[in-house]
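Let's take a walk through this structure together.

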Amino acid sequence: MRVTLRQLEVFEAVARLESFTRAAQSLHLSQPGVSMQIKQLEESIGLPLFEQLGKKIHLTAAGEEMYNYSLSIGQLLHEAETVIEELKGVQSGRLAISVATTASHFATRLLAAFSQQYEGVTISLDITNRESLRRQLENNEPDLVIMGQPPEGVDVESTTFMENRLVMIAPADHLLANEKNIPLARFSNEQFVVRETGSGTRSAIERFFNEHGVRFNTAIEMSSNEAIKQAVEADLGLGIVSIHTLELELETHRLVILDVEDFPIIRHWHIVQRSGKRLSPVAQAFKNFVLAEAANFIRLPK
Ligand code: PGA
């Protein structure tokens, strides 16, 4: 068999994403480029790897076998890379970090501070949703993940490193802007602009209202905290967001935090890795840095 690592990488992406188009996007290749790699791989093993049933593609029996081998080969290569990086030490190497949408509001600052100390390190940062973080951890892709709540169903090690307060926001001229300790029940008829299902913030809010027996009405869903803040400013509804997203809007008095009974909702940020993962020296240094220094580099609004 004359199989190349590139062919295996492309095949693994098509099999995992169940789509030539999505694999092409994720690898920054053209779709004909992806099809060509798969065709060459099929020619060199002498059997088809995929079959088309309706609109979906499925792995053939040979495809299933190759998929398992391509995962093992991918992991071995990753391990080899880690070992080589151990030999090189912390001053060079690559660091792959994935963070939840909300964590991106402080992760860039942390990475900037880290890279000033370790100038030779190349960093890649992926900002994505909870489901995708879970899948990445399952496939052992990133070195470390920063998220609100470790995922269920994947064997991970996680450490808490910072509080994450969710606060209720309103336009600066809102009727309740100056009231103190507003009863939660007052919001049972209000409309909220909320994050998408699957966001950690969204599930924490729903759990909170549920536990307090107060109805929670959603006016509109948005997958970005920035969009939510703009919607609240434009009076589309109230919002509940992490305090980490708010610095500028509070400073410029475009939004206010309402003083609501039992608020803020207290959550915590976690740094997460696959259980038993052998961290490269760079990844270990970054983890230590986050645990020791996060609070010094992350300014919170007063
Ligand atoms: P998210 O934040 O709402 O952007 O997913 C992560 C979390 O708080 O769990």
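**A walk from the pocket to the loops**

The biggest share of the lining of the largest pocket comes from α4, which gives ten residues. Keep in mind throughout that this is a predicted model. The pocket itself holds about 1500 Å³ of space. A total of 42 residues line the largest pocket, and the closest to its centre are Glu9, Glu12, Arg16, His78 and Glu141. Which elements give two or more residues to that lining? They are α1, α2 (20-27), α4 (61-88), β3 (93-100), β4 (121-128) and α6. Sorted by class, the pocket lining has 14 nonpolar, 17 polar and eleven charged residues.

The crossing of α1 and α4 is left-handed. On the α1 side, the contact is made by Leu5, Leu8, Phe11, Glu12, Ala15 and Arg16, while α4 brings Gly63, Met66, Tyr67, Ser70, Leu71, Ile73 and Leu77. By class, that gives nine nonpolar, two polar and two charged residues in the contact of α1 with α4.

Next comes α3. Helix α1 (residues 5-17) and helix α3 (residues 31-45) have axes that come within 9 Å and cross at roughly 110°. With that angle, α1 is roughly perpendicular to α3. This crossing, of α1 and α3, is left-handed. The residues that touch are Arg6, Gln7, Val10, Phe11 and Val14 from α1, with Val34, Gln37, Ile38, Gln40 and Leu41 from α3. By class, the contact of α1 with α3 counts six nonpolar, three polar and one charged residues.

What about α2 and α3? Their axes come within 8 Å and cross at roughly 105°. These two helices are therefore roughly perpendicular to each other. From α2, the contact uses Phe20, Thr21 and Ala24, and from α3 it uses Gln31, Val34, Ser35 and Ile38. In the contact of α2 with α3 there are four nonpolar and three polar residues, and no charged ones. Between these two helices runs a loop that holds His28. His28 has a positive phi of about 55°, although it is not a glycine.

How many cavities of 30 Å³ or more does the structure hold? There is one, and the volume of the largest cavity is about 160 Å³. Its lining is made of 19 residues, with Ala100, Thr101, Ser199, Gly200 and Thr201 the closest to its centre. The elements that give two or more residues to the lining of this cavity are α6 (130-138), α7 (200-211) and β11 (265-274). The cavity lining splits by class into four nonpolar, eleven polar and four charged residues.

Let's end the walk at a peptide bond. The bond from Phe263 to Pro264 is cis, with omega near 0°. You'll find Pro264 in the loop between β10 (255-257) and β11.

Note on methods. Residues numbered from 1 in each chain as written. Predicted model: local features only at pLDDT ≥ 70, side-chain atom pairs only at ≥ 80, totals over all residues. Heavy atoms only, no water. Axes fitted to C-alpha atoms, helices over the stretch in contact; angles between N-to-C directions. Helix = DSSP H or I, 4+ residues; strand = E, 2+ residues; numbered from the N terminus. Parallel < 35°, antiparallel > 145°, perpendicular 65-115°, else oblique. Left-handed = near helix turned anticlockwise from the far one by under 90°. Contact = heavy atoms within 4.5 Å. Nonpolar A, V, L, I, M, F, W, Y, C, P; charged D, E, K, R; others polar. 1 Å grid on protein atoms, 1.4 Å probe; cavity = no way out; pocket = protein on both sides within 12 Å on 5 of 7 lines; lining within 4 Å. Points joined across faces, edges and corners; volume = space filled by probe spheres on them.
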